[in-house]
Amino acid sequence: MSNTKPGGYTLIIIGSICLSVMITMILTRSSPSMIFTILSMLLSLTIVNLGISLTQFHKTIKRRRKAVLVLLIVSLSLILIGGLFIYMKWVSARIQIIIGVNILCFAAGPLLVKNRFDKWKHYTTNHLQAFGLSIADLLSLVLLSMGALFKLQFWPGAKPMLILGIIFLITAALLWKDVLKRIIYRQKLTEEDLIRKNEQIEEAHKEILDSINYAKRIQTAILPPDRIVKEYLQNSFILYKPKDVVAGDFYWMESVDDTIFFAAADCTGHGVPGAMVSVICNNGLNRSVREFGLRDPGEILDKTRELVIQEFEKSEEEVKDGMDISLCALGPIVSSSRGTYRELRWAGANNPLWIVRKGAEEMEEIKADKQPIGKYHHETPFTTHKIKLNKGDTIYIFSDGYPDQFGGDNGKKYKSGNFKRRLLELAQQPIEKQKDILDQEFENWRGELEQIDDVCVIGVRV
């Protein structure tokens, strides 16, 4: 875009007017004949209109189009007014036509040609050819318009101008036709290439989707089925909402003797990378319980961390992935002099345990150890907490996907405080109803915003 300011445009216009006046004075003084008077008038108009064109010449195509539109309206209006004056046989009837034709040729014309050149130069490697054809277009416009004007005015030279204009017009049309053929051919090749590449992309996309869907089937296979969950935890719900087809979050369950182990885990990342980490971490939990025979939640997390780090140390590159987890071991019903209860042993890596006692108005929170299952600069053994649960108490374990979701009226995070208050309000509701309400609230909060992470919430009523 030109850096010329409005003051510069004014100077260009004033300069072109002064130059035209000087040329007119020189020509008319040197020879008072009619031909010199006509030439001086046309030349002065040409200089002024070229000055007008120059003010818009280096602007964007969009700005030049607007200028051309204004100039064409002015030009055609003057020509029509001139025609009306001729028809009515008024004085100075033809001066409007002369001015209108001159504006068309030397103010609008160069801008039209410049726009054409800027458009077509991107479609041909021969810019010189595009420039020559653009000049031929301008000459054909000028010669035909001025030839018609000279003929109307009965001035000499009209016929040669019209003949030359027609020659330039036909030549330019033929050459532009050749250029357009090559451009169309090139566009066709480009379209065919794009179609071929789109087909390749679609095929690759289909293969990727098939692979991801197959990975989902594998990940679903390692998750405990609903039948098993309901068999061991009859009064429970699992709200599981992967962000993508596969997830970094997972839930885990194992029943050993009279103890039910279950956990909500959140692995690094989401999607395919998170799902790959989740398989390794899930396998670590299974081995800790099945192969190494561990029953203490803290010891299970210690061994799982060891196994996960061993797997990642096989890589030549340092892998810092791992998981946060809340792991429960719910024992059988115990009878005592004070009644019956169930002992819950629990350990957590970054993710806490929340308990709502029957009829309570406050949430009881047991904080997790502030370290992940994975490499950590200051590893310490995980702590096992023992809690007595009475009938009607409800426990909640979860990943951070629910409280971290953006949404609401201001697009802010849901936050742990709101999540805690909501669970406290729902704790006395039927357990399955809690899942539906939490799911609906999450979707309402999210609204049109994207889900930012996987969601896993487990609620169990004793």
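**Helices and the sheet**

In this predicted model, helix 11 (residues 431-446) lies across strand 1, strand 9 and strand 12, and its direction makes an angle of about 20° with strand 1.

**Exercise 1.** Determine the strand order of the open sheet, and state which strands form its edges.

*Solution.* Begin with the order, which is 1-12-9-6-7 for the five strands, with antiparallel pairing. Next, look for strands that pair on one side only: these are strand 1 (236-241) and strand 7 (364-366), the edge strands. Then follow the twist, which averages 15° from one strand to the next. Finally, examine the pairing of strand 6 (residues 353-356) with strand 7, where three bridges join the antiparallel strands; leucine 353 has isoleucine 366 of strand 7 as its bridge partner.

**Exercise 2.** Identify the strands across which helix 10 lies.

*Solution.* Helix 10 (residues 416-426) lies across strand 6, strand 7, strand 9 (394-398) and strand 12 (455-461), and runs at about 35° to strand 6.

**Exercise 3.** Describe the largest nonpolar core and the surroundings of methionine 323.

*Solution.* The largest nonpolar core has 48 residues, and Met323 and Leu353 are among those with the most contacts inside it. Strand 3 (residues 259-267) supplies the largest share of this core, namely seven residues. Leaving aside neighbours within four places in sequence, methionine 323 is in contact with residues including Phe250, Ala265, Cys267, Leu285 and Ile373. Another core, of 18 residues, lies apart from the largest one, and includes Trp354, Phe398, Leu426 and Ala427.

Methods
Residues are numbered from 1 along each chain as its sequence is written. This is a predicted model: local features need pLDDT of at least 70, side-chain atom pairs count only at pLDDT 80 or more; totals for chains, interfaces and linings use all residues. Side-chain values use heavy atoms; hydrogens and water are left out. Two strands pair if DSSP finds at least two bridges between them. Helices (H or I, at least four residues) and strands (E, at least two) are DSSP runs, numbered from the N terminus. Axes are lines fitted to C-alpha atoms, for helices over the stretch in contact, and angles run from 0 to 180 degrees between N-to-C directions. Contact means heavy atoms within 4.5 Å. A nonpolar core is a set of buried Ala, Val, Leu, Ile, Met, Phe, Trp, Tyr and Cys residues joined through side-chain atoms within 4.5 Å. Buried means under 20% relative accessible area, exposed over 50%, partly exposed in between (1.4 Å probe, protein chains only).
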